[in-house]
Amino acid sequence: MTEKKTTIQALQAVRGMNDILPDEAEVWEHFEDIVRDWLKSYGYRPIRMPIVEPTPLFKRAIGEVTDIVEKEMYSFEDALNGEQLTLRPEGTASCVRAVIQHKLLHGGGGHRLYYHGPMFRHERPQKGRYRQFHQIGVEALGFEGPDIDAEHILMCARLWDDLGLEDVSLELNSLGSSEERARHRAELVAYLQAHEARLDEDGKRRLHTNPLRILDTKNPELQDLVEAAPRLVDFLGEESLKHFEGVQALLKDAGVHFRINHRLVRGLDYYNRTVFEWVTTRLGAQGTVCAGGRYDGLVEQLGGRPAPAAGFAMGVERLLALWRESGGGGETAQPDVYVVHQGEQALRLAFRAAEALRGHGFAVLAHCGGGSFKSQMKKADASGAQLAVVIGEDEAAAGEVGLKPLRGPGGQQRVALEGLADAVAECLFTEEEDDGGV
Ligand code: HAM
């Protein structure tokens, strides 16, 4: 008889979209807590936008001839009404759409906003480049001076410092105004046309659609060509130069080092004036951990009253990888107390004890699933808890529990349920004092 073999196709996550398992997810939460405090300390307020937006929003905001719009968007048609929709590839367009839709700028004054969450780009996945990745984005709308640009950069520098990140450096450029870019573009195209034979396929394609992006090429054979190309900075007028110098002066005052990179052009079309990227050499090819700049024309371009704006977004996966590389992010949360118990009465008392302790603010893991005291104590130890609450038939009958230190010295004591929270506090805080050498 031949054995019938059935192979079941294993179900896997979509390529480039990752599960974040508990060990890792705890580091994410720790990171997000730090980030939230940091944002609050600069007066930024949260905003949450949908993950799906009408496709024309991104086409208009990011630009028809950018890599993102040309080939990286997850777009689909709404089966019910035929509307063209897209999974957001970034947050700035959605944020500006929301600000316009809800007339947030009508009361005058500026808004400092932040968001975080998944973004989607159909790129070729590799280390540090995913199809679903996460950004923390910051947008300041209604501020026109160089001060807000500098604030954003100083914020980043402080966060790197708080996280203890190593080897992150700042690249800065100014893209001027659209008129200044147009004058530069004419010269740039003339220069590149004179060398068209040397351009690669990508360069030839971009020559008439988005020539500025050619300056960004990674092709080693084109480096000398783009290095000698006309520089945008030489086309900046007085106002743009003054703005750029204003940003630099504030950075210098704060002791933030930067390198002016004349070829930093960014991959989204909405930018003008200041643009910046924070880069590291520690993560291989995908070394940009954070990027942004000014986008004064976008609010009007998306149908709002003209308003200046600037912002940036950081790639959470890349920052976390760098945090790990720099020795951070190791600590994960552990319970204060693990409750072990045996017998029906003991189980009921264990639930009451655990809830009473949680009511006093302690983190408690109550054992579930039975097993011998010995195996439960092994789990208590492995949980990282400082203390075990031990409840057997005897304790249950007396309405008392055993309290046993799992890490430090000292034996098991018996306490009444009513006195448990105080006894736990005494054990934990005495231990902390011992640790601190007080
Ligand atoms: P972006 O440069 O396209 O800018 O993305 C910002 C950051 O997101 C990058 O520096 C990188 O760390 C991360 N990132 C981008 N694509 C991927 C990917 N496929 N996998 C992993 N990480 C990635 C923006 O998105 C602008 N909205 C930033 C901005 C906000 N400008 C003004 N306000």
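**Salt bridges, ligand shell and domain arrangement**

Across the whole structure, a search finds 23 salt bridges, and these, like every other feature described here, belong to a predicted model. In one of the salt bridges, Glu53 pairs with Arg97, with 2.7 Å between the closest N and O atoms. Because Glu53 belongs to strand β2 and Arg97 to helix α4 (residues 92–101), this pair ties together parts that are 44 residues apart in sequence. Glu53 has a relative accessible area of 2% and is therefore buried, the limit for that class being under 20%. Val52, which is also found in strand β2 (residues 52–54), counts as partly exposed at 32% relative accessibility, and together with Ile51 and Phe76 it makes a nonpolar surface patch of about 210 Å².

Asp67 is buried, with a relative accessible area of 17%, whereas Lys71 is partly exposed at 48%. The side chains of Arg282 and Glu325 also meet in a salt bridge, at 3.8 Å from N to O. Since Arg282 lies in the loop between β9 (272–280) and β10, and Glu325 in helix α11, this pair ties together parts that are 43 residues apart in sequence. Both partners are partly exposed, Arg282 with a relative accessible area of 26% and Glu325 with one of 45%. Through shared partners, salt bridges also join Asp67, Glu70, Lys71, Asp202, Arg205 and Arg206 into one network.

The ligand is surrounded by 25 residues, of which Glu90, Thr92, Glu123, Glu139 and Tyr271 are the closest. A polar side-chain atom of Glu90 lies 2.6 Å from a nitrogen atom of the ligand, while oxygen atoms of the ligand are found 3.0 Å from a polar side-chain atom of Gln135 and 2.8 Å from a polar backbone atom of Thr288. Of the 660 Å² of accessible area that the ligand has on its own, the protein covers 96%.

The domain assignment divides the protein chain into domain 1 (22–176 + 236–325) and domain 2 (337–428), whose centres, taken over C-alpha atoms, are separated by 48 Å. Gly327 is found in the loop between α11 (316–325) and β12 (337–341), and at 64% relative accessibility this glycine counts as exposed. Although Gly327 and Trp160 are 167 residues apart in sequence, their C-alpha atoms are 13 Å apart in space.

Terms used. Residues numbered from 1 in each chain as written. Predicted model: local features only at pLDDT ≥ 70, side-chain atom pairs only at ≥ 80, totals over all residues. Heavy atoms only, no water. Domains from an automatic or database assignment. Helix = DSSP H or I, 4+ residues; strand = E, 2+ residues; numbered from the N terminus. Buried < 20%, exposed > 50% of the residue type's maximum accessible area, 1.4 Å probe, protein only. Patch = residues over 30% accessible without salt bridge, like charges linked within 9 Å, V, L, I, M, F, W, Y side chains within 5 Å. Areas by Shrake-Rupley, 256 points an atom, 1.4 Å probe, with all protein chains shown as cover. Salt bridge = Lys/Arg side-chain N within 4 Å of Asp/Glu carboxyl O. Near = heavy atom within 4 Å. Polar contact = N/O pair within 3.5 Å; in protein donor to acceptor, adjacent residues only side chain to side chain.
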